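My notes follow in the order I looked things up.

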Amino acid sequence: MNQILEKTIFEYSRPGRVAAAQCPPAADAALVASAKATIPQALQRRDAPLLPQASELDVVRHFTRLSQLNFSIDTNFYPLGSCTMKYNPKACNQYAMLPEFLGRHPLAPASQGQGFLSCMYELQEMLKEVTGMKAVSLNPMAGAHGEFAGVAMIRAYHRSRGDLARNEIIVPEAAHGTNPATATMCGCIVKEIPVDAEGDVDLDALAKVLGPNTAGIMLTNPSTLGVFERKIEQVAKMVHEAGGLLYYDGANLNAILGKVRPGDMGFDVIHMNLHKTFSTPHGGGGPGAGAVGVSARLEPFLPVPVVSREGDHYRWLSEADRPLSIGRLSAFMGNAGVLLRAYVYMRMLGREGMSRVGEFATLNANYLLARLQAAGFDLAYPTRRASHEFIITLKRQAKELNVTAMDVAKRLLDYGFHAPTTYFPLLVPECLLIEPTETESKETLDAFVEAMVAILAEAETDAEKVKGAPYTMPVRRLDDVRAAKQLDLTWKPVDSAA
Amino acid sequence: MSQVPAELKYAKSHEWVRVLSDGRVEIGITDHAQSALGDLVFVDIPEVGRELAAGEACAVVESVKAASDVYTPIAGRVVESNAELATAPEQVNQDCYGSGWLLRLEPASADELAGLLSAEAYTELLAAQGN
Amino acid sequence: MPFIPHTDSDIESMLATIGATSVDALFDEIPQSLRVAGLEGIPLGLSEMEIGRLMSERARVDGRPLSFLGAGAYEHHIPSAVWAITTRGEYYSAYTPYQAEASQGTLQMIYEYQTMISSLTGMQVSNASLYDGGSAVAEAALMAVRAHRKSKSLRVIIPTTVNPNYRRVAESTAGNQGLRFETVPCERTAGVIDFAALQAFAGEDIAALVIQQPNFFGQLEDIDRLTDWAHEAGMLVIAVVNPTSLALLKPPGEWGERGVDICVGEGQPLGVPLSSGGPYFGFMTTRLEYVRSMPGRIVGRTVDLEGRTGYTLTLQAREQHIRRGKATSNICTNQGLLMTAATIYMSLLGPQGLAAVAETSLARTSELVSALSVLPGMRVAFEGPRFHEAVLVLDRPVAAVLTELERHGILGGVDLSVDYPELGQALLVCATETKTSADITRYASALGHALKAVRAA
């Protein structure tokens, strides 16, 4: 029995139905015909593409109904560790979508964009101040894209000094998967090192891999284990003495915003996830924005374009102004509209609001940690202070009750909470990485604890119930094996007849 | 408890090696490896004729939660790949020591076999790793 | 406190639960020497009313000139419903759909998107989008090298008729992995790939040929001949296309005898505002046989425990969060929200609507070229068929003429003299369905004045 919650848009389609208001006013028919006649038949399309033929109301209803099948920050608590799912203020969206901003062509001259460019320039300046870096480029379009820019700059820096052997990037084993993937994309060799029992970098292991081939190290601080890397100053000293550079993965910048600056910790290059720390929307998987910041010696290598101010005039610096730049990473100016949202957010928070972000993100995480610990959950790093996130491990429950972290995550959906991050970092077995963010209230956190306690009780009395979750979502657990083996990636017209 | 047939040789990276009657060798992944991966959805096997060095990544086994490289325990030239796995990767789960073999090699040297683990030694290795 | 809900009594009771004396005490693991003193460079916070006023003032400075700019970003009418739905919080503030059961809306939308974009490009499978058109070209080059079973070559041919910014992005992205890009010049009569120059590569080991259609100049390439030649030479073919044009033009899946191997492009024309260059989205489609070499997220349809249809991310073992250093790409973000807008845009327009947009744009550009090229000192650079852009050559400095046009509130086109000095004082112009005959007349009249002013100077 195949019950379908919302049929596909293609099944609304009826030949000849057109949302007529959306079509352009008819140009002169003779003009169209003569223009079309200039295109040889061999270059023309024969069959119409499979796009729906639906009314405007069909389309509006369909996509509104689909939206209602989603969890989102606007509807649910979303404690997804390492993703910083905080409230996205509506004002940021509204003021980035003013018609003049939306209508501005990327190749419009700077003289027709002084308003926009002044926002970008000030955003660069604010990001410099809050991170302690010397210069910023807003160009990369996501965190991983910023990582790519960062490692490419590290390579370009070494090359510019004739230091050609440096092609090894050191990555702690707890790092995001993007770190090693980025190093590979930059043509580097990845050297993974372990962390010690308390979650800090293992300095002996670090000393062993450092050498004349070391290009740099990529660190997240606080780390993906939800703790502050206490030996950061030693790590910086060791890496610098070996001739390497330090890369700061800004995924967890929210934890320390306004409290500590990566530049002051000794980092040479950083990326910031504006869609995390500066609250631009995640949009169901993007767009992000991964601005990069650098110390003085890396400034010439920043990706172009960068905004400069000359007197009262703002303009883009391009390849001609920055001959050593690692180049261009997007066809135009990166995710400009996302940058405008981050600008509005930063101006609304202001100087005093920046440090509140780090403070309340940390307060919420430590409160939730204390309550869950009291309720009988095991912490992965019980001796440590949580940063803005922390890890609980369900290894004991998995062994004793046969209920896994994934089961608990799925059951949380039934209680109306999005699941925390599961099975990351990979080195903690049966883990849930929980990040409440500063925008959630004490009542929400309390309700989450109650749900976790209720699920634990269910696991003890009726493990099968937890293992079968979720029950109240649009679908139950999906057959991932079938999805990967019998690939069904596009709708086919015969589907409707079947 | 995973199966470890006594007549095969093993590598620490969880591959098995069988010496065929014509001197060629057959390579696959162990019962422990297939069970740790879960249901396989795709197997990428090497092209016939490829020369492999010992320890070289030569195939990829992919489940919904992981994709792992398979390393050839010994050097040699690929003489046959198990083409049936393209449409039936589940054979690796169902019969990893039989129809789920991955590739056959013409070994570069017979000496390398001696360096591999016996069934007993591999069983000990699994036990030491907590399996 | 903006966006922070805590009352004083909340803070007090939370600290008591934690067993800490103050919020500051929670930072006790951070060395004191590293603490920030102040952030003097950041201005004090603004209320919503104040920031609203500030942003409106800045927007007003930028104004809304009449634009004939194209070159990879195109002004099209965006139906009101597109962004009204896209900015619903359920799409706008959701995360990547890793928890499939709580993300069926986004997942089904992506499945529908994959269907539409695959059909539009005539290919079998699509991913769930990449960053933008430029990065999609770079990813396609990397993918071609990876997917080519018979060649280990790291060389890719990318002719000068491909958008110069795409070529730059490909170089800065893929160059780090050792890819080498070979160029082929354009021939001067029709503004297309110089086929004789291309043939010089016959017999060499090269992974792929990139063909942009319509090309950067708006001219139409002889795609069948190029595709067949490249396949004959053992190369894969990467098509770079404008999605609007595909309502009229032959889809890459049908180019030549076998169709192309990878198709990419800039998705912005499908309902995404110009917005100074982003966020846009890049699309990528390919043959089924290459699906495991494709970067980015992919959604598949499957069933749940009770046999009900559902959607989930699939083939994830290619991706960085599982494969780490061996992933097909480091990409994890896609441009989900923009893809949402594009899916709604394509649904509203349908095949007839999209064809009407393409035909009207084609006609308007033809009208524009006729109106401008008759002015003294102006000529059309290339013969042959084109879509909604054209290159005009002036007998005086383009930059000065464009500056003069700006004074009339008109953005007259893109100055090609920097990227293509061999073309002389060349100007790339574009008219989409958003331009009326009156707009075109206004441009022609202003250009007449500008030409006089520049000559006089």
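**Ground rules**

Helices (H or I, at least four residues) and strands (E, at least two) are DSSP runs, numbered from the N terminus. This is a predicted model, where local features need pLDDT of at least 70 and side-chain atom pairs count only at pLDDT 80 or more, while totals for chains, interfaces and linings use all residues. Residues are numbered from 1 along each chain as its sequence is written, chains are lettered from A and ligands numbered from 1 in the order in which they are written, and side-chain values use heavy atoms, with hydrogens and water left out.

**Entry 1: a strand in chain C**

I started with strand β9 of chain C, residues 262–266, and found it mostly covered, with five of its five residues buried. Which residues point which way? I262(C), V264(C) and E266(C) go one way from β9(C), C263(C) and G265(C) go the other, and all are buried.

Next I looked at the neighbours, counting two strands as paired if DSSP finds at least two bridges between them. Strand β8 (residues 236–241) of chain C runs parallel to β9(C), joined by three bridges. In that pairing A239(C) has C263(C) as its bridge partner, and V240(C) has V264(C). Strand β10 (residues 282–286) of chain C runs antiparallel to β9(C), and five bridges join them. There I262(C) stands opposite T286(C).

Then I zoomed out to the whole sheet. It is an open one of seven strands in chain C, in the order β2-β10-β9-β8-β7-β3-β4, with mixed pairing. Its edge strands are β2 (125–126) and β4 (180–182), each pairing on one side only.

**Entry 2: a histidine in chain C**

I clicked on H231(C), which is in helix α9 (residues 223–232) of chain C. Is H231(C) buried or exposed? H231(C) counts as buried because its relative accessible area is 10%. For contacts I took heavy atoms within 4.5 Å. Leaving aside residues up to four places away in sequence, H231(C) touches V237(C), R258(C), G259(C), D261(C) and R287(C).

**Entry 3: chain A**

P40(A) sits in the loop between α1 (29–37) and α2 (56–67) of chain A. P40(A) counts as partly exposed because its relative accessibility is 37%. I also compared P40(A) with G337(A): they are 297 residues apart along the chain, and their C-alpha atoms are separated by 39 Å.

Helix α14 (residues 405–414) of chain A came next, and it is mostly covered, with nine of its ten residues buried. Among the buried ones are D407(A), K410(A), R411(A) and D414(A). The buried residues of α14(A) pack against β12 (421–422), β13 (431–434), α15 (442–461) and α16 (463–467) of chain A. Just after α14(A), G416(A) takes a positive phi of about 90 degrees.

**Entry 4: chain C against chain A**

How many residues are in contact here? I noted 184 residues of chain C in contact with 202 residues of chain A. Buried area is the accessible area (1.4 Å probe) that two parts lose on being put together, summed over both. For this pair it is about 16800 Å², and carbon and sulfur atoms give 62% of it.

A salt bridge here is a side-chain nitrogen of Lys or Arg within 4 Å of a carboxyl oxygen of Asp or Glu. The rule finds eleven across the interface of chain C and chain A. I looked up D488(A) with R301(C), a salt bridge whose closest N and O atoms are 2.9 Å apart. Helix α11 (residues 336–373) of chain C gives the largest share of the side of chain C that touches chain A, 23 residues.

**Entry 5: chain B against chain C**

This contact takes 15 residues from chain B and seven residues from chain C. The two chains bury about 820 Å² between them, 39% of it on carbon and sulfur atoms. E47(B), E62(B) and A67(B) supply 42% of the area that chain B buries against chain C, more than any other three residues.

The rule finds three salt bridges across the interface of chain B and chain C. I looked up R149(C) with D44(B), a salt bridge with its closest N and O atoms 3.2 Å apart. On the side of chain B that touches chain C, the elements giving two or more residues are β4 (40–44), β6 (57–63) and β7 (67–71) of chain B. The largest share, four residues, comes from β7(B).

Terms used: Buried < 20%, exposed > 50% of the residue type's maximum accessible area, 1.4 Å probe, protein only.
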